[in-house]
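Q: Please take a close look at a single part of this structure, and describe how it is put together and what surrounds it. Give the cut-off behind each term where you use it.

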Amino acid sequence: MKNKLLLSVVLTLVLSAFSLLARVKLVALPERARVVVSLNNPDATLVEEERLITLQKGLNKVDFSWRGVNIDSTSIQVRMLTHPDAVTVLNTSYPPNENALIWEISSPAAQEERVRISYLLSGLGRDVVYKAVAEPNEKALTLRNYLRLRNDSGEDLTEAEIGIGYGANFKKTIAHEEVLEMLSERMETLPIKKLLTWDAASLPWDPEYEKKTVGIPLSYVIKNDKDSKLGAHTLLPGKVRIFIKTKEQAAAEGERAGEGVAFTGEDWAQLTPVDREMKLYIGQSRDVKVTQRRTKDDKVNIRRNNASNIVLYDTDEIYKVEIENFKKTPVDLVVVEHFPGYWKMAENSHAAQYKKKDAFTFEYNLTLPAESSGQKKTTVTFNINRLNVQGNEPASY
């Protein structure tokens, strides 16, 4: 077994008149009894290894050396496990020009000691890759979570107990320069909903007038909570490949049609804490049309300086959002609005669907009736007052 971490024990002979301390490497190096690798932090990997060393009575020198391994030397710690109250680490020294350190350990008797050495190891990269397969009715999907490990640390990790921050630890051997990909979680029939998102900051307000026929982004939405069979841990960011089940043609007349999958697209899942939503972009829809206009924009409460120049004012703004759904089924739509600076909502036609996201953003969560176009279209109006406007504010914060 390749092992670039060299751990040796230098025994101190206690003589009647003096102590002779010497650094001597043993020929038979103690093997790791256990190694635990924690991948909770994406920036650094915590490694804890346990070894059995033989101590002599009195003062011992333990030499911990590493070559070609990406260890943060300032993070190395040692702890006694067998006799934690009796065996003591007196001091630590660092030999010059060496990737090594020496612990001076005092033992009350000649005995075997199990020690735990922990350190931060860099170069052990990890990625999360998801595979999402939606049901034909797009009401649920199966989500598979794959962990991909790349070992460029310079260290072979043999029979390592690997923890990824959720679920039980698992044992794997991953050698230096090896890449492993493994299934870490499989979640069946997660409930999802399809959601359109119209963002006033990125989509045309009046597509007919601007002659822009772009579609509205369409996503699958997964709630990371217990009701959705999730909620046990934060969903980590990673690439998601999205598929949908399809019915294949029967091979012969009278036979049952098989099931296949069709590739829908890819998206990058964001870090999703418990009780938050993960949105997976699956394309654009032209079945819904959104037209937004500002029908009023007046300056009010004007303040002037001694030269009668306007220096401060408020605004009285009214917006109308007209939404048409051409589909034969109801559609969920989020309308996102952005208003930098200080403002307040004066009037609101859809207060029940209104939600303030942050100081500069609010949204409407709407369910559009089927075939609600023309006279049946959904109309949202709101009255905004911007406060203490100087006229030179940035467009966004």
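A: In strand 13, Gly163 is the bridge partner of Ser38. This is a predicted model, in which local features need pLDDT of at least 70 and side-chain atom pairs count only at pLDDT 80 or more, while totals for chains, interfaces and linings use all residues. Residues are numbered from 1 along each chain as its sequence is written, and side-chain values use heavy atoms, with hydrogens and water left out. Strands are DSSP runs of E with at least two residues, helices are runs of H or I with at least four, and both are numbered from the N terminus.

Strand 4 and strand 13 (residues 157–163) run parallel and are joined by three bridges; two strands count as paired if DSSP finds at least two bridges between them. Strand 4 (residues 32–38) also pairs with strand 5 (residues 45–55), here in the antiparallel sense and over six bridges. Glu50 in strand 5 is the bridge partner of Arg34. Strand 5 in turn runs antiparallel to strand 10 (residues 111–121), and 11 bridges join the two. In strand 10, Val115 is the bridge partner of Arg51.

Together these strands belong to an open sheet of six, in the order 7-10-5-4-13-14 and with mixed pairing. At the edges stand strand 7 (77–80) and strand 14 (170–174); each has a single partner strand, so one side of each is left without a neighbour in the sheet. From one strand to the next the twist averages 30 degrees, where axes are lines fitted to C-alpha atoms (for helices, over the stretch in contact) and angles run from 0 to 180 degrees between N-to-C directions. In general, strands of a sheet pair through backbone hydrogen bonds, either parallel or antiparallel.

Another pair in the chain is strand 6 and strand 9. Strand 6 (residues 58–66) has eight of its nine residues buried, so it is largely enclosed by the rest of the structure. Buried means under 20% relative accessible area, exposed over 50%, and partly exposed in between, with a 1.4 Å probe and protein chains only. Strand 6 and strand 9 (residues 100–107) run antiparallel, joined by eight bridges, and Leu101 in strand 9 is the bridge partner of Phe64.

The chain holds a further open sheet of six strands, with the order 20-17-16-23-26-25 and mixed pairing. Strand 20 (277–285) and strand 25 (354–358) are its edges, each with a single partner strand, so one side of each lacks a neighbour in the sheet. Strand 17 (residues 216–223) pairs with strand 20 in the antiparallel sense over eight bridges, and Gln284 in strand 20 is the bridge partner of Pro217.

For the setting as a whole, the protein chain has one helix and 27 strands. Of its 397 residues, 42% count as buried. Among contacts (heavy atoms within 4.5 Å) in the protein chain with a separation of 6 or more, 69% come from residues 24 or more positions apart. The accessible surface of the chain comes to about 22,100 Å², 49% of it belonging to carbon and sulfur atoms; areas come from the Shrake-Rupley method with a 1.4 Å probe, and for residues only the protein chains shown count as cover.
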